[in-house]
Amino acid sequence: MNDRRRPAKPYRRPKKDPVRVLAFEALRAVDERDAYANLVLPPLLRKAREDGGFDARDAALATELVYGTLRWQGTYDEIVAECVDRPLREVDPPVLDVLSLGAHQLLGTRIPTHAAVSATVELARVVLGDGRARFVNAVLRKIAADDLDGWLRRVAPPYDEDPEAHLGVMHAHPRWVVSALWDALGGGRAGIEDLLAADNERPEVTLVARPGRSGADELLAAAGEDRALPGRWSPYAVRLVDGGEPGALDAVREGRAGVQDEGSQLVAMALAGAPVEGADARWLDGCAGPGGKAALLAALAAQRGATLLAAEKQPHRARLVARALAGNPGPYQVVTADGTRPVWRPGSFDRVLVDVPCTGLGALRRRPEARWRRRPADLEGFAPLQRGLLREALAAARVGGVVAYVTCSPHLAETRAVVDDVLKSAGGAEWIDARPLLPDVPGLGDGPDVQLWPHVHGTDAMYLALLRRTG
């Protein structure tokens with residue numbers, strides 16, 4: 001009797017793709033260690049370049065795979081859930097990361113379908129083994145049967161039944177985040193869709209020229225006219241249009257310039273420009289880490305002969321502040337101190353900045369994983385700290401001095417609600433209309449506070465309230 005079974009295929013060692021392996025390692029770090037991609041990815045890319053064989057195109061693809069997968073993680077989960085025979089919670093996290101990477105290549109990039117599937121299955125063989133690679137292959141082939149628009153029509157709830165859930169799936173944001181952003185933004189459907197879409201765009205790299213040490217013209221010339229544009233609103237800002245490598249510029253390497261979102265520049269400029277009564281010699285940054293706003297404030301203070309005290313509770317972040325301020329032409333001091341338990345005397349400062357810890361919902365373009373990591377309960381954890389920091393900031397200002405309350409979150413519970421509560425309980429302060437201090441910036445609302453938006457201003461969603469100490 002003849003055995004007509006096909007002979008077994010010889011084992012083929014999986015081919016290691018350095019770009020996709022690096023992307024997988026970054027996703028695992030984000031998942032396992034609650035790390036942030038903007039901190040994990042640069043050292044991985046640097047090591048890959050140093051090891052050789054990893055060029056600029058490889059780095060760009062790895063960056064797109066990591067950030068794109070993280071941005072759309074929740075939506076890809078909904079799609080994958082339709083293609084597996086078990087609850088998603090029963091799929092091992094490393095397998096889910098590989099599936100999400102494959103889904104992003106299929107649905108969010110121009111990589112051809114056959115290449116996206118085969119490359120992801122090879123990755124699965126390398127990092128998961130042959131058995132689970134077969135599972136990955138089967139799921140990806142189901143995903144590849146439709147494009148992103150087709151999948152969204154299948155997995156997104158109808159808008160008329162649940163607008164927040166519909167927009168959340170369509171634009172890859174948790175439902176509660178959509179609801180919170182919509183409340184803060186106000187208006188109809190168009191505005192919130194524009195905001196959610198802006199959150200999913202890759203942000204520009206924006207530089208700040210620190211006054212007295214460098215200028216925007218120097219940065220523009222060094223970067224080249226084809227790679228850089230002036231900032232939209234800040235005279236110190238330069239935008240690198242192709243992403244660029246900030247560290248390649250002398251001014252950045254020497255600390256005379258830095259990387260800083262234009263919204264962060266604007267809130268520091270507004271505090272520096274607010275009118276104060278009497279002396280203007282002592283400035284305080286009460287939550288200074290990692291040092292971007294402090295460096296700009298120190299440079300502006302130096303031009304007026306003022307001194308900046310930069311306080312940061314965490315020692316490692318205080319070291320970052322000291323590094324950012326190194327070389328500032330005017331006097332400054334960096335201290336490791338808790339802004340809720342100040343080491344300075346009350347009424348000591350003419351200008352005070354308090355950029356409080358928050359949910360970071362205003363920087364989802366830069367930290368896409370934060371949208372899936374944050375929970376509504378986080379607001380309760382931040383609330384006492386935010387109020388305590390603002391109360392102590394007001395106490396630190398002298399009568400006639402100015403305090404800037406800043407968050408990188410537009411959530412109403414972290415912005416106007418905090419300021420209103422502190423003013424009611426503490427007294428001795430009044431609002432200053434912040435809008436005239438940003439004279440060329442449109443769309444600042446009814447005031448007196450200011451909320452910046454990615455889809456309106458091209459900045460992170462920074463919030464600013466200016467208060468004057470009255471007693």
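Trainee: Where does Cys408 lie?
Mentor: This is a predicted model. In it, Cys408 lies in the loop between β9 (397-407) and α19 (416-426).

Trainee: What does UniProt place at Cys408?
Mentor: The feature "active site", and the UniProt entry is unreviewed.

Trainee: Is Cys408 buried or exposed, and why?
Mentor: Buried, because its relative accessible area is 15% and buried means under 20%.

Trainee: Which residues does Cys408 touch, not counting those up to four places away in sequence?
Mentor: Cys358, Gly360, Leu361, Gly362 and Ala363, along with Asp460, Ala461 and Met462.

Trainee: New topic. How many residues are in the largest nonpolar core?
Mentor: There are 58. Phe54, Val66, Ile79, Leu99, Leu107, Val136 and Ile143 touch the most other members. The largest share of this core comes from α1, with nine residues.

Trainee: And what is in the other core?
Mentor: That core lies apart from the largest one and has 42 residues, among them Ala298, Val321, Cys358 and Leu466. Cys358 also touches Cys408.

Trainee: Back to Leu107. What is it in contact with, leaving aside neighbours within four places in sequence?
Mentor: Tyr76, Ile79, Ile143, Asp146, Asp147, Leu148 and Trp151.

Trainee: How many cavities of 30 Å³ or more does a search of the whole structure find?
Mentor: One. The largest cavity has a volume of about 50 Å³.

Trainee: Which helix gives the largest share of its lining?
Mentor: Helix α18 (residues 377-396), with four residues. The lining includes Leu389, Glu392, Ala393 and Ala396. By class, the lining has six nonpolar, two polar and one charged residues.

Note on methods
Residues are numbered from 1 along each chain as its sequence is written. This is a predicted model: local features need pLDDT of at least 70, side-chain atom pairs count only at pLDDT 80 or more; totals for chains, interfaces and linings use all residues. Side-chain values use heavy atoms; hydrogens and water are left out. A nonpolar core is a set of buried Ala, Val, Leu, Ile, Met, Phe, Trp, Tyr and Cys residues joined through side-chain atoms within 4.5 Å. Buried means under 20% relative accessible area, exposed over 50%, partly exposed in between (1.4 Å probe, protein chains only). Helices (H or I, at least four residues) and strands (E, at least two) are DSSP runs, numbered from the N terminus. Contact means heavy atoms within 4.5 Å. UniProt positions are given in the numbering used here, feature names are shortened, and annotations may be inferred rather than shown by experiment. On a 1 Å grid over the protein atoms alone, a cavity is a set of points where a 1.4 Å probe fits but cannot get out, and a pocket is an open set with protein on both sides within 12 Å along at least five of seven lines; lining residues have an atom within 4 Å of a point. Grid points are joined across faces, edges and corners, and a volume is the space filled by probe spheres set on the points. Ala, Val, Leu, Ile, Met, Phe, Trp, Tyr, Cys and Pro count as nonpolar, Asp, Glu, Lys and Arg as charged, and the others, Gly among them, as polar.
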